[in-house]
Amino acid sequence: MQFPGTEPNHDVTIEIGGFPIEVQTTDAEFERILKGRYGDYVRPGAASRFSLRVRLTAPASFDPDADAEVWLEDREWKMERGDFRASWNPEEGCGEVLQSANPYSIDSVLRIVHTLMLATEGGFLLHASSAVRNGKAFLFSGVSEAGKTTMARLAPPDVELLTDEASYVRKVDGCYYAYGTPFAGEFGEPGKNISAPIAALYLLNKASENRIEEIDPAIAVQRILRNILFFAHEPGMVRQVFESACAFVAAVPVRQLSFFPDPRVWELIG
Amino acid sequence: MAAMEIYPSQSADIASRTIGDDTLIMSTLDSTIFVLNSVGTAIWNAVDGKTPLSQIVHDRVCAEYEVTNEQAFADAKEFVDRLAAHGILSISDAPIPQKEAP
């Protein structure tokens with residue numbers, strides 16, 4: 001029986017990086033959109049201490065290339081772009097989203113929320129493709145056109161792709177792990193929902209031959225910081241991200257991978 | 001006439017980490033990153049708001065590197081001016097009173 005003023009729940013729990021977030025909605029069509037968008041990352045019936053309540057509005061025109069604004073206000077993160085307004089309370093682990101019924105807005109909100117959650121424990125989202133081979137994860141980072149998607153496309157059959165766009169790095173019990181993400185780039189497909197300890201991070205550089213080179217740690221930190229997805233420019237958050245990048249370089253081999261885009265580059269990996 | 005002393009001090013709006021011989025400094029206000037070499041690191045580590053730059057140069061640069069005091073001071077002055085322009089440190093013409101420990 002449905003009581004007056006109540007609507008049935010169509011909640012969907014989306015688990016990325018081991019963090020299940022219950023996306024709460026009363027809209028059956030939005031539930032279908034979420035399940036279609038997040039596929040293997042949907043965890044039916046999973047318990048979650050994190051939640052995002054979505055209130056749907058009519059679609060509005062907006063600049064799809066605009067950056068989201070993220071700021072801290074009264075101990076709550078606020079985020080806003082032309083197509084959504086949202087808040088996230090890090091202490092309560094919950095937030096609200098105002099958007100139309102589309103997968104792009106909630107995708108952006110989830111990326112931002114995950115960067116905020118990761119930052120508190122020394123992790124980050126990195127512009128990088130990543131893959132698992134022989135039980136170990138390898139990350140390939142670089143700016144746009146550096147070859148992230150190319151490395152994913154060239155991967156041999158024994159390699160499991162985690163993402164071609166945004167790598168999920170978590171520090172668990174002092175070790176760094178890469179997790180699969182549904183955040184896809186040009187490849188257009190979500191990564192496999194698995195995780196593995198990170199064996200190396202390669203900074204990509206297209207070249208006429210394949211080689212792996214040592215890189216100065218200070219330069220490595222600088223280049224990683226350039227590629228960390230970093231929406232909140234609040235000083236405390238900037239400091240945390242800086243510390244996370246330094247700690248990562250101290251713990252994980254970071255090398256420069258100069259590569260010619262053909263499958264032989266994978267002979268150097270793993 | 002003797003050059004006026006200056007007293008540089010590190011800004012509170014930075015994060016820094018020494019890695020090997022280099023020091024990375026990031027402004028938490030605009031995320032600008034600076035990489036200091038070993039000489040820059042030696043100066044950076046001595047900057048405390050109460051030690052004049054001339055003494056830092058004498059103790060940390062001239063004592064370690066083969067360079068004249070005048071040249072080292074000129075280079076150090078340019079270095080701290082550049083960092084000050086980005087808000088990484090501030091420069092005072094008198095020692096900066098230190099906060100007492102609670």
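**View 1. Helix 4 and helix 5 of chain A cross at roughly 135 degrees, and their axes come within 9 Å.** That angle makes helix 4 of chain A oblique to helix 5 of chain A. (Angles under 35 degrees count as roughly parallel, over 145 as roughly antiparallel, 65 to 115 as roughly perpendicular and the rest as oblique.) For this whole set of views, axes are lines fitted to C-alpha atoms, for helices over the stretch in contact, and angles run from 0 to 180 degrees between N-to-C directions. Helices (H or I, at least four residues) and strands (E, at least two) are DSSP runs, numbered from the N terminus. The crossing of helix 4 and helix 5 of chain A is right-handed; a crossing is left-handed if the near helix is turned anticlockwise from the far one by less than a right angle, and right-handed if clockwise. On the helix 4 side of chain A, the contact uses Pro217(A), Ala220(A), Val221(A), Ile224(A) and Leu225(A), while helix 5 of chain A brings Phe242(A), Ala245(A), Cys246(A), Phe248(A) and Val249(A). (Two residues are in contact if their C-beta atoms, placed from the backbone, lie within 7 Å.) Sorted by class, this contact of helix 4 with helix 5 of chain A has 10 nonpolar, no polar and no charged residues. (Ala, Val, Leu, Ile, Met, Phe, Trp, Tyr, Cys and Pro count as nonpolar, Asp, Glu, Lys and Arg as charged, and the others, Gly among them, as polar.)

**A word on the model.** What you see is a predicted model: local features need pLDDT of at least 70, side-chain atom pairs count only at pLDDT 80 or more, and totals for chains, interfaces and linings use all residues. Residues are numbered from 1 along each chain as its sequence is written, and chains are lettered from A and ligands numbered from 1 in the order in which they are written.

**View 2. Chain A meets chain B through 12 residues of chain A and 13 residues of chain B.** Look for helix 4 (217-227) and helix 5 (235-251) of chain A, which each supply at least two residues of the side of chain A that touches chain B. Helix 5 of chain A gives the most, with 6 residues. By class, that side of chain A has 8 nonpolar, 2 polar and 2 charged residues.

**View 3. Two antiparallel strand pairs in chain A.** Strand 1 and strand 2 (residues 19-24) of chain A run antiparallel and are joined by 5 bridges; Ile14(A) has Ile21(A) as its bridge partner in strand 2 of chain A. Strand 4 and strand 5 of chain A also pair in the antiparallel sense, over 5 bridges, and here Trp71(A) has Lys78(A) as its bridge partner. The hairpin of strand 4 and strand 5 of chain A has 2 residues between the strands, and in this hairpin Asp74(A) takes a positive phi near 50 degrees.

**View 4. Helix 2 and helix 3 of chain B pack at an angle of about 115 degrees, with their axes 10 Å apart.** Their crossing is right-handed. The contact includes Leu53(B), Val57(B) and Val61(B) of helix 2 of chain B, and Phe73(B), Ala76(B) and Val80(B) of helix 3 of chain B. The residues of this contact divide into 8 nonpolar, 3 polar and 1 charged.

**View 5. Helix 1 (residues 38-46) and helix 2 of chain B cross at roughly 135 degrees, and their axes come within 10 Å.** The two helices of chain B are therefore oblique to each other, and their crossing is right-handed. Val39(B), Ala42(B), Ile43(B) and Ala46(B) of helix 1 of chain B make the contact with Ile56(B), Arg60(B) and Val61(B) of helix 2 of chain B. By class, you'll find 6 nonpolar, no polar and 1 charged residues in it.

Technical notes:
Two strands pair if DSSP finds at least two bridges between them.
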